[in-house]
Amino acid sequence: MFNKKLITDVDVNGKRVLVRVDFNVPIKDGKVEDDTRIVAALPTIKYLLDHGAAVILCSHLGRPKEGPDPMYSMRPTAEHLSKLLGRPVAFSEECVGPVAEAAAKALKPGDVLVLENTRFYKGETKNDPEMAKQLAALADMYVNDAFGSAHRAHASTEGVAHYLPAVAGFLMEKEIKYLGEAISNPKRPFVAILGGAKIVDKIGVIRNLLKIADSVLIGGGMANTFFKAQGYPMGESLVDGEALETAKEILQEAGPRLRLPVDVVIADKFDNNANTKIIDVGAVPDGWAILDIGPETVAAYAKVIKSAGTVVWNGPMGVFEMPNFAKGTFGIAQAVAESQAVSIVGGGDSVSALNQSGLSDKITHISTGGGASLERLEGLTLPGVAALQDK
Ligand code: ADP
Ligand code: MG
């Protein structure tokens, strides 16, 4: 259940509304490459504009290390949004401070302003109250619509909510509803699929999934870490040493619900044109690396997926960016698409793999959140949601 106030529960007419969006999108040559996340925020932005608000948008983009960096400017997102909305969108080169304040003051109802990257300021990730107050000074009300960032307590996702009336946007509500229902009352069998490369971030989720899911299918770099924990030499395969102990514990606790690949594709280089072999799981020869799950594994997983009632998927099964190691990921995408299950796919790379496969429209819900979706699955509260007003 979503028990937070929504933008429809408050009066936004004539107000300046600061909206935390997730415009953390891929940018190439000053252009937005994939606008999924911007499009996902449109319902909230349009609602506010249609109801007499002036909209101020803020977001982070990438991980700039030391202050302002043109590589990570929000400007291309403002330009892209202007095209999507069919109206001018102003841009402030500062996120907080006098420049941003002047830009915010100049807004009239129906105007839109995009602020520069929140992460150009140290106070953002530290959740510095000063930065939160400066953000709050720009507006009369705060809306959080950045589901993908809600697992982080930063100044723009959590801190600012303490200094302004704070409510949720439509995207936030939708994401939480889908995931919440999938976890609390899933149509069974409930099948979770986990892969990808962010192993330390995600391995904890497996534990919780084993309690609520009927099957947990592992692939990608995540599987390698389990093979290593079983004692197999892994060659050059991606393995996360930090996650090994947890992997060992999970192997001991987990019963038959946890499924690991039975065969894998190995390569002698991290290159699409490498020599490749399909081997049963076991020792990986020196100098070789596992880059995909094998065909027997795809067939076995597909069988489980096709009879599922609910499927939640995060993390590609292999290095799908290279066509020769994309068969596992696309095979699983195909199975999910063909299944009658309620399907939820989340994670930047997973969604991009799904888009490449051309099967996105066969998925019930494509989540904009990676880490955030997983923390929901882990049963953790999202700080960016907790800080909003209760209904
Ligand atoms: P998401 O963005 O969907 O949350 P991650 O960021 O955790 O997923 O992981 C995506 C990355 O994992 C992809 O770039 C893919 O190439 C990589 N990956 C998947 N399997 C392997 C593997 N066996 N070895 C190395 N990298 C892998
Ligand atoms: Mg990723």
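Leaving aside its neighbours within four places in sequence, with which residues is Lys4 in contact? The points below take up this question and then turn to the ligand and the strands of this predicted model.

1. **Contacts of Lys4.** Lys4 belongs to the segment that precedes strand S1 (16–20). Apart from neighbours within four places in sequence, Lys4 is in contact with Asp9, and also with Val385, Ala386, Leu388, Gln389, Asp390 and Lys391.

2. **Burial and polar contacts of Lys4.** Lys4 counts as buried because its relative accessible area is 8%, and buried means under 20%. Its side chain makes a polar contact with the side chain of Asp390 at 2.6 Å. The side chain of Lys4 also reaches a backbone atom, the oxygen of Leu388, at 2.9 Å.

3. **The shell around ligand 1.** Ligand 1 is surrounded by 20 residues, the closest being Ala197, Lys202, Glu321, Asp349 and Ser350. Sorted by class, this shell holds 10 polar, six nonpolar and four charged residues. Three elements each contribute at least two residues to the shell: helix H8 (220–229), strand S14 (289–293) and helix H12 (348–357).

4. **Polar contacts of ligand 1.** For Lys202, a polar side-chain atom lies 2.6 Å from an oxygen atom of ligand 1. Two further residues take part through their backbone: a polar backbone atom of Ala197 is 2.9 Å from a ligand oxygen, and a backbone N or O atom of Gly348 lies 3.4 Å from an oxygen atom of ligand 1. On its own, ligand 1 has 580 Å² of accessible area, of which the protein covers 90%.

5. **Strand S14.** Strand S14, which supplies at least two residues of the ligand shell, is mostly covered, with five of its five residues buried. Strand S12 (residues 263–267) runs antiparallel to S14, and four bridges join the two. Within this pairing, Val265 has Asp292 of S14 as its bridge partner.

6. **The six-stranded sheet.** Another part of the model is an open sheet of six strands with parallel pairing, in the order S11-S10-S9-S15-S16-S17. Strand S11 (258–259) and strand S17 (365–367) are at the edges; each has a single partner strand, so one side of each has no neighbour in the sheet.

7. **The pairing of S9 and S15.** Strand S9 (residues 190–194) and strand S15 (residues 310–314) are parallel and pair over five bridges.

Definitions and conventions. Residues numbered from 1 in each chain as written. Chains lettered and ligands numbered in written order. Predicted model: local features only at pLDDT ≥ 70, side-chain atom pairs only at ≥ 80, totals over all residues. Heavy atoms only, no water. Near = heavy atom within 4 Å. Polar contact = N/O pair within 3.5 Å; in protein donor to acceptor, adjacent residues only side chain to side chain. Areas by Shrake-Rupley, 256 points an atom, 1.4 Å probe, with all protein chains shown as cover. Nonpolar A, V, L, I, M, F, W, Y, C, P; charged D, E, K, R; others polar. Buried < 20%, exposed > 50% of the residue type's maximum accessible area, 1.4 Å probe, protein only. Contact = heavy atoms within 4.5 Å. Pairing = 2+ DSSP bridges.
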